[in-house]
Amino acid sequence: MTTETTSAGTTAEQNPPADVAAMNQLVRIGDYVTPIALRVVVELRVPDALAGGPRTADDLAAEVGAHGPSLYRVLRALTASGVLHEDRGHRFALTPVSDLLREAHPYSMRGMYRLSPADLHAMAELEHGVRHEESAFEHVHGMSFWEYTATHPEHHERYQHNMWSMATLEIPAVLRVYDWSATRTLVDLGGGTGQMIAGILKEHPGMRGVLLDLPDVAPHSRSLLEREGVLDRCEIVSGDFFHSVPAGGDTYLLKRVFYDFTDDECTRILRSVRSAMHPDARVLVLDGVVRSDNRHDSGKLHDLYVLAMGQGRCRSKAELSAVFAGAGLRLTRVIPTGAFPLVEGRAA
Ligand SMILES: C[S@@+](CC[C@H](N)C(=O)[O-])C[C@H]1O[C@@H](n2cnc3c(N)ncnc32)[C@H](O)[C@@H]1O
């Protein structure tokens, strides 16, 4: 560091020319208290308890099972970021931000902001995942994310809730941005418990669907498909997309699947698809796509989350093109959705 003597005889080091805007920006970026406080409030269902109007921390604490004075400190910390509003009587109210965290909100994002201690422990060891090839999650928990999810019901419940929350937002976006009129049979690979395929089939009564997922997941989609009134048009297949993929689809969807896998694994999945699909069928990959500029990028941020959790990654358009090409497919379009884009591929 250099030191310069000022006209007043002090040094620039003792009296630095503060770049206040940069300092404030750093304070905001470096804060890891707010994201955790937000998740505590979500886990305690404070937004649900505030649906009827403003309440004091003590009043809320009695309902949500918390210690009033401590809860007050958490709620107060979330006012400056606009998550909550405190009035002069120390009553807290929902804002448009926290309204989205109510379970009953039609586009509830509550599932995306649960407190997941297993994930947080892994994120705390991200440095390990950056220094070594082993993921931070395996380093901390001694098993893969998927093994942990399969053996820890609480973690599994939060993971599913997260997926459902995201699907609630993604279904209308995907219906809006893509022309589904040419799709007679949609195959949803790694379709989980069926929200997305049910949402698309409901909107397109002439379409048929096939949902494929692993044997311990696929059968759980039955009740949702039945509830949504599309079970009679949707076949449920228990299988492994590395080995085979149902034939006869016009459109093959892989939503939030690629980012869990390596490039080689993604190419292997696409090879299964390529050998099952019609020559003129389309492949749609909904995934984080990394931007090439310096603007805010949910793909780059999600990429670090998956770096901590496992062996997958988010890719740039060029990297996805290479993955497609390895399976004899050509990336034709990247279609913005407002969140993760839809990447379309066809036979090369
Ligand atoms: C991140 S989740 C995405 C679920 C769903 N597409 C969504 O967006 O909500 C990945 C899904 O891929 C499934 N999956 C993982 N490996 C698979 C395999 N080898 N064959 C079929 N499905 C698999 C998982 O069970 C899980 O449901």
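User: What does leucine 270 touch, leaving out residues up to four places away in sequence?
Analyst: In this predicted model, leucine 270 touches Val283, Val323, Phe324, Ala327 and Leu329.

User: Which residues of the largest nonpolar core touch the most other members?
Analyst: Leu270 is one of them, along with Leu189, Ile197, Leu212 and Tyr252. That core has 51 residues.

User: Which helix gives the most to this core?
Analyst: Helix H12, residues 195-203, with five residues.

User: And which residues of H12 are buried?
Analyst: Gln195, Met196, Ile197, Ala198, Ile200 and Leu201 are the buried residues of H12.

User: Why would neighbours along a strand end up on opposite sides?
Analyst: In a regular strand the side chains alternate between the two faces of the sheet.

User: How do S4 and S7 pair, parallel or antiparallel?
Analyst: Parallel, over three bridges. Valine 187 stands opposite tyrosine 252 in S7.

User: How many bridges join S7 to S8?
Analyst: Five, and S7 and S8 (residues 282-286) run parallel as well. The partner of lysine 255 in S8 is leucine 286.

User: New topic, the ligand. Which residues are closest to the ligand?
Analyst: Met163, Gly190, Gly192, Lys255 and Arg256 are the closest, out of 16 residues that surround the ligand. H11 and S5 are the elements that give two or more residues to this shell.

User: How does the shell divide into nonpolar, polar and charged?
Analyst: Eight of its residues are nonpolar, three are polar and five are charged.

User: Where does arginine 39 lie?
Analyst: Arginine 39 is in helix H2, residues 33-43.

User: Is that side of things buried or partly exposed, for arginine 39?
Analyst: Partly exposed, because arginine 39 has 18 other C-beta atoms within 10 Å, whereas a buried residue needs 20 or more.

User: What is arginine 39 in contact with, its neighbours within four places in sequence aside?
Analyst: Tyr113, Arg114 and Leu115.

User: What separates arginine 39 from histidine 278?
Analyst: Their C-alpha atoms are separated by 45 Å, and the two residues are 239 residues apart along the chain.

User: What does the domain assignment give?
Analyst: Domain 1 covers 20-105, and domain 2 covers 167-292 + 309-347. The C-alpha centres of domain 1 and domain 2 lie 37 Å apart.

User: And the whole protein, what does its secondary structure come to?
Analyst: There are 16 helices and twelve strands. The C-alpha trace spans about 75 × 55 × 40 Å along its principal axes.

User: What percentage of the protein is made up of buried residues?
Analyst: Buried residues make up 34% of the 348 residues.

User: What share of the contacts with a separation of 6 or more comes from residues 24 or more positions apart?
Analyst: Such residues account for 60% of those contacts.

Note on methods:
Residues are numbered from 1 along each chain as its sequence is written. This is a predicted model: local features need pLDDT of at least 70, side-chain atom pairs count only at pLDDT 80 or more; totals for chains, interfaces and linings use all residues. Helices (H or I, at least four residues) and strands (E, at least two) are DSSP runs, numbered from the N terminus. A residue is buried if 20 or more other C-beta atoms lie within 10 Å of its own, exposed if 12 or fewer, and partly exposed in between; C-beta atoms are placed from the backbone. Two residues are in contact if their C-beta atoms, placed from the backbone, lie within 7 Å. Domain bounds come from an automatic or database domain assignment. A nonpolar core is a set of buried Ala, Val, Leu, Ile, Met, Phe, Trp, Tyr and Cys residues joined through C-beta atoms within 7 Å. A residue is near a molecule or strand if its C-beta atom, placed from the backbone, lies within 6 Å of it. Ala, Val, Leu, Ile, Met, Phe, Trp, Tyr, Cys and Pro count as nonpolar, Asp, Glu, Lys and Arg as charged, and the others, Gly among them, as polar. Two strands pair if DSSP finds at least two bridges between them.
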